[in-house]
Amino acid sequence: MSNSASLSFGVKQSMRFSREFGSGSAGAVSAKCGAGYHDSFKQPKVKGVCDVCGSSDLRRRADDNAESLRQRLMEYYKKTSPLIGYYHHAGKLFSVDGLAEIDDVAKSVARVLDGAKGA
Ligand SMILES: [Zn+2]
């Protein structure tokens, strides 16, 4: 493992959640045509009425999506945190701000990879 290095994308978990789900808000789906809406990102033009088919039967999505994502994230952190410690102690952990603009993230990653090549 001496030639390997780890690249860690720093995205705070809470930020991730709020990006995915808005702040405590939720999505809805038209029961008739399946068009999807979201309280924060995509509301129907007329509240409670589907833009596509005009149905007022907008059903709230079950919250188990949020719960299963939370569990997957927890599992991910449990499995990857020992690696992060390992690479940190070896001085080979590079962190990139994953919430920056896409171009900036790409540049940061490129910079880290260039540095790793030269090492
Ligand atoms: Zn609809």
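**Figure 1. Overall order of helices and strands in the predicted model.** Helices, of at least four residues, and strands, of at least two, are DSSP runs that are numbered from the N terminus. In this predicted model, the protein has three helices and five strands, and read from the N terminus on, its elements follow the order β-α-β-β-β-α-β-α. Of the 119 residues in the protein, buried residues make up 3%. Among the contacts in the protein with a separation of 6 or more, 51% are accounted for by residues 24 or more positions apart.

**Figure 2. Close-up of the open sheet of three strands.** The strands are arranged in the order β3-β2-β4, and their pairing is antiparallel. Strands β3 (36-38) and β4 (58-60) form the edges, each of them pairing on one side only, and from one strand to the next the twist averages 30°.

**Figure 3. Close-up of the pairing between β2 and β3.** Strand β2, which covers residues 27-30, runs antiparallel to β3 and is joined to it by three bridges. Within this part of the sheet, V29 stands opposite G36, a residue of β3.

**Figure 4. Close-up of C53 and its surroundings.** C53 is found in the loop between β3 and β4. Leaving aside residues up to four places away in sequence, C53 touches S30, K32 and C33. C53 and A35 are 18 residues apart in sequence, and from C-alpha to C-alpha they lie 8.6 Å apart in space.

Technical notes
Residues are numbered from 1 along each chain as its sequence is written. This is a predicted model: local features need pLDDT of at least 70, side-chain atom pairs count only at pLDDT 80 or more; totals for chains, interfaces and linings use all residues. Two strands pair if DSSP finds at least two bridges between them. Axes are lines fitted to C-alpha atoms, for helices over the stretch in contact, and angles run from 0 to 180 degrees between N-to-C directions. A residue is buried if 20 or more other C-beta atoms lie within 10 Å of its own, exposed if 12 or fewer, and partly exposed in between; C-beta atoms are placed from the backbone. Two residues are in contact if their C-beta atoms, placed from the backbone, lie within 7 Å.
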